[in-house]
Amino acid sequence: EGMEDDGIEEVPILAAFRLIALAELSGSRGAESLEGAIHMTEPTFKEVLFGVEAMELLELGRDENEVYDAYLKSRAGALGLQWDAHNPESRAIVRLACQSQVRD
């Protein structure tokens, strides 16, 4: 109640985390060049966006397993991999691609 009186809006924790993580990733190699973001290239941003979208789904109250499957499906699509949530081999290939930081 006191925060509303001061005109300060409460920021959801996940929203604040997303913003901080994006800022940190964008500037993570800032000391190497003054020419712009070395780390936050378009391919890297697209990968980060998949994670941001997953966190937004969690924030909306979606089930963790459903969100994880949506994330894997998005990554599979971006990499041109087949995705079948009910096929253990498909899941394993996509998970390994994510863990190995495979890029298109």
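Arg75 is placed in helix H4, where helices (H or I, at least four residues) and strands (E, at least two) are DSSP runs numbered from the N terminus. The structure is a predicted model, in which local features need pLDDT of at least 70 and side-chain atom pairs count only at pLDDT 80 or more, while totals for chains, interfaces and linings use all residues. Residues are numbered from 1 along each chain as its sequence is written, and side-chain values use heavy atoms, with hydrogens and water left out.

Arg75 is buried and yet has no salt bridge, the nearest side chain of opposite charge being that of Glu47 at 4.4 Å. Here buried means under 20% relative accessible area, exposed over 50%, and partly exposed in between (1.4 Å probe, protein chains only); a salt bridge is a side-chain nitrogen of Lys or Arg within 4 Å of a carboxyl oxygen of Asp or Glu. For charge, Lys and Arg count as positive and Asp and Glu as negative, with His and the chain ends not counted. When neighbours within four places in sequence are left aside, Arg75 is in contact (heavy atoms within 4.5 Å) with Glu47, Phe50, Cys98 and Val102.

Side chains of opposite charge can pair when their charged atoms come close. A search of the whole structure returns 2 salt bridges. In one of them, Arg62 pairs with Glu66, with the closest N and O atoms 2.7 Å apart; Arg62 is partly exposed at a relative accessible area of 35%, and Glu66 is likewise partly exposed, at 37%. Another joins Arg91 to Asp69, the closest N and O atoms again being 2.7 Å apart. This pair links distant parts of the chain, since Arg91 belongs to helix H5 (residues 88-99) and Asp69 to helix H4 (residues 64-79), 22 residues apart. Asp69 has a relative accessibility of 23% and therefore counts as partly exposed.

As for the overall fold, the secondary structure of the chain comes to 5 helices and 0 strands, and the pattern read along the sequence is α-α-α-α-α. Of the 104 residues in the chain, 17% are buried. Among contacts between residues at least 6 apart in sequence, 37% join residues at least 24 apart.

Two packed helices are described by the angle between their axes and the distance between the axes. Axes are taken as lines fitted to C-alpha atoms, for helices over the stretch in contact, and angles run from 0 to 180 degrees between N-to-C directions; angles under 35 degrees count as roughly parallel, over 145 as roughly antiparallel, 65 to 115 as roughly perpendicular and the rest as oblique. The axes of H4 and H5 come within 10 Å and cross at roughly 75°, and the two helices are therefore roughly perpendicular to each other. On the H4 side the contact is made by Tyr68, Asp69, Tyr71, Leu72, Arg75, Ala76 and Leu79, and on the H5 side by Arg91, Val94, Arg95, Ala97 and Cys98. These residues divide into 8 nonpolar, no polar and 4 charged, where Ala, Val, Leu, Ile, Met, Phe, Trp, Tyr, Cys and Pro count as nonpolar, Asp, Glu, Lys and Arg as charged, and the others, Gly among them, as polar.

The axes of helix H2 (residues 13-26) and helix H3 (residues 42-59) also come within 10 Å, crossing at roughly 170°, so that H2 and H3 are roughly antiparallel to each other. Leu14, Ala15, Phe17, Arg18, Leu22 and Leu25 of H2 meet Phe45, Val48, Val52, Met55, Glu56, Leu58 and Glu59 of H3, and by class this contact has 10 nonpolar, no polar and 3 charged residues. Val52, which lies in H3, counts as buried at 19% relative accessibility; Val52 and Phe17 are 35 residues apart in sequence and 9.8 Å apart in space, C-alpha to C-alpha.

In the loop between H2 and H3, Met40 is buried, with a relative accessible area of 15%. Neighbours within four places in sequence aside, Met40 is in contact with Leu22, Leu25, Ser26, Phe45 and Val48, and its C-alpha atom is separated by 9.6 Å from that of Ala23, 17 residues away along the chain.

Ser90, in helix H5, is buried at a relative accessible area of 9% and touches Gln82, Trp83 and Asp84, residues up to four places away in sequence not being counted. Gln101, in the segment after H5, counts as exposed at 62% relative accessibility, and its phi is near 60°, a positive value in a residue other than glycine.
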